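Biologist: Could you walk me through this one? I have the questions, and you have the numbers.

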Amino acid sequence: MILAEQHAITHVDVVVAAPLGALTYEVPPGDRESIHIGMRVRVPLGQRHVWGYVIATHTETPSSDFTLKPLVEISNEISLPVHLLALVRFASDYYNVALGDMLQAALPLKAKEKTPRFLTVGDALAASCNERMTTLFNLLKDNKRGLTAAHLATRLGISRPSVAATLRTMQKNGLVQIHGTTRTKRRQTIAPLTAWGFTENTDKPKLTPEQAHATDAILASINEKTFSAFVLHGVTGSGKTEVYLRAVEQALLLNKSALVLVPEIALTPQFGARFRHRFGDPVAVIHSGLTPAERRDAWDRVSQGDVRIGLGARSAIFLPMEDLGVIIVDEEHETSFKQDETPRYHARDLAVYLAHRHGCPIVLGSATPSLESMANVSRGKYELLQLTKRVHQRPLPEVTCIDMTTTELDPDGVFTAPLLNAMQETIDRDEQCIILLNRRGFSPHVLCKGCGHTFTCTACSISLTFHKRRNMLLCHYCGFSTGVPQTCIKCESDRIEAFGLGTERVEAIVRERFPSVASIRLDRDTTRTRTSMEKRLQDFRDKKAHILIGTQMVAKGHDFPEVTLVGVLAADSGLHIPDFRATERTFQLLCQVAGRAGRGTLPGRVLLQTYNSDHYAIRAACAHDAPAFYAQEMQLREELRYPPFAHLVLVRFEGENEQETKQEAERMSSILRANVRMGEIMILGPAPAPIERLKGKWRVQTLLKASNRASLHKALQHMTVRPTAGVRWVVDIDPFNML
Ligand code: ADP
Ligand code: ZN
Ligand code: ZN
């Protein structure tokens, strides 16, 4: 033990929410015993006093060119966890972002108004459960096989519509599950969701042997309280979530906390509900739909130790969790974990660092793990756990390619006969289908047939998409919109036509083809609010429609038991994007969407319309042969020296003037070239970005490749010269957005 009087803290480094590094201050003598890392302090900065956090301590006066000013005030609020500050510092170094900027991104904004709508299980039940619900719930609990609404109405002596209304509320809150179809409404049975622990957790499902094996490995590591990383590679419907739940349960049992990261929580409300209902413990849920006040409130609750489970999208990595027992990253391959604006951090990668700090295991789960994680498995850094089978011995869906080079399209120009027939059969059997086309709007191109002029955005080098219902041309990158021109601006011809296919047009064709069948469209245009998205998903779950049409949104972790057909239009459309991850993303999307079929008791099938039925990504997706895909893709990445066989930094130059932007890119690229050692770093470019102009800015980029990270970080030090006025640089470490 170090004696306090010999080594009292005289100075501290403080980080404030401003684009600066850490600043050093003197600690007033009376506070030297009590000051510690993580404390909130007020410090003089220029003419102002600002709040910040102590990030390091000194027991001697550090050398400095300035007189070090004393702290103004020390707050007795709860301090930041040491590990969180370490994470912020690590992220700042790693992503080349000022420490203060990183802190600002990590902390929730101080909200002025406080209108917490943050619900815990206790609150949710208290708020949502009136006397009638409790009675209903108890009735259901005593009838394990479920009851119908008519039964319940008789038992309670009230009308069926009012029972139905109460049940709908209970279903929304995850208290009951309704089985059966809308067509046979009278036969619907209702069961309580005791499995998710409304008073009790006794109904946990018995694990499959594969789940048990994976769970054992993770639990052993949680008990040992040491870092280890697992890749949980589980096919769609194999019950990965159950493995996560067991891991979280074990952490809580050891009096530790758990952090669960998911790509986009709004799309999969069921996921959060399962966590909320399994544990008696409250869950802090962080998502993009929260107001600053709600976010702040969730954050405070975690910080005060009231909440031990943190669940959320990317930014939940910065929740002030203490004493983590396990970290889960679900759908770890999803690119939304990487923030596409400054600071450009990757939450999965930071989560690995955080697990290290806490000395706890991390579980990276996916049906299609990223190449990066698979490479870490082959290098022996991560341990692979596999779930190769679906639960209840349900088969994976049969996936068939429809080769568009030899199969004729119907006159609508969208569907082939095999897909249309399959849709008809599915509907006739009163089952549901999902149709994926990863492009929204009616038509992605508008062209003058008089002179060939194509209509592009005024601010971006992007063609405008025709949206028929709004009767507008829209830019999907900047939001620019304009009316549909009657005549061509170039040649004044009136022969203006829209070409190509978007989800809005697919919907129109489906309605023509199946006039008596209800369909729902799910894309960014139909889900502007969180409630509209949830309503559409719930309507489909309630079988108010038999066909769900949408973009990649329909492929996410949904569990619709009555979907038995998935159709994919233009399965190869993503392959041609100029990004080295285009193939990987296509493979992932196809596997994910295929995984929506046959999740219930009925077997599923998948039909892919493609011009590239021989492409290895499509063949592997058809054969459920992930190893074949990984083998081939790894080989290509290695040959081309792309991640996971090299590290990348993308430097993008953006400016309003094309010439100036190019010159600046040339200037900086030659500075970099002059300062790096040949062979250590490859510098590609500068070259125009694939999207050459965006939101009025010209974009030029230079790509740095190296086999070792340290040399890349060293190279970036040479970019300390000032940028030329009018041009901005963006430095993106481990870039995901190459466009
Ligand atoms: P994945 O995330 O791997 O696609 P889920 O975790 O959504 O799969 O599980 C699919 C379904 O199987 C869910 O409805 C879940 O409740 C159920 N399930 C999971 N594990 C079991 C089990 N051991 N026994 C019975 N049902 C299970
Ligand atoms: Zn024209
Ligand atoms: Zn635009």
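Biologist: What share of the contacts in the protein with a separation of 6 or more comes from residues 24 or more positions apart?

Modeller: Some ground rules come with that number. This is a predicted model, with local features needing pLDDT of at least 70 and side-chain atom pairs pLDDT 80 or more, while totals for chains, interfaces and linings use all residues. Residues are numbered from 1 along each chain as its sequence is written, chains are lettered from A and ligands numbered from 1 in the order in which they are written, and side-chain values use heavy atoms, leaving out hydrogens and water. With contact meaning heavy atoms within 4.5 Å, the share is 73%.

Biologist: How many helices and strands does the protein have, and what percentage of its residues is buried?

Modeller: Helices (H or I, at least four residues) and strands (E, at least two) are DSSP runs, numbered from the N terminus, and they come to 20 helices and 30 strands. Buried means under 20% relative accessible area, exposed over 50%, and partly exposed in between, with a 1.4 Å probe and protein chains only. Of the 739 residues, the buried ones make up 53%.

Biologist: Which residues coordinate the zinc ion (ligand 3), and what is the arrangement called?

Modeller: Donors are N, O and S atoms within 2.8 Å of the metal (3.2 Å for Na, K and Ca), and water is not among the atoms, so sites may look incomplete. Here Cys457, Cys460, Cys475 and Cys478 each give an SG at 2.3 Å, spaced C-x2-C-x14-C-x2-C in sequence. Cysteine 457 sits in the loop between β18 (445–448) and β19 (465–467), and cysteine 475, 18 residues away, in the loop between β20 (472–474) and β21 (481–483).

Biologist: How are α12 and α18 oriented to each other?

Modeller: Axes are lines fitted to C-alpha atoms, for helices over the stretch in contact, with angles from 0 to 180 degrees between N-to-C directions. The axes of α12 (residues 371–378) and α18 (residues 626–640) come within 11 Å and cross at roughly 95°, and Leu371, Met374 and Ala375 in α12 meet Phe629, Tyr630, Glu633, Met634 and Arg637 in α18. Angles under 35 degrees count as roughly parallel, over 145 as roughly antiparallel, 65 to 115 as roughly perpendicular and the rest as oblique. That makes α12 and α18 roughly perpendicular.

Biologist: Where is phenylalanine 587, and which residues does it touch?

Modeller: Phenylalanine 587 is in helix α16 (residues 582–594), and its 1% relative accessibility is why it counts as buried. Not counting residues up to four places away in sequence, phenylalanine 587 touches Thr368, Ala617, Ala620, Ala621, Ala626 and Phe629.
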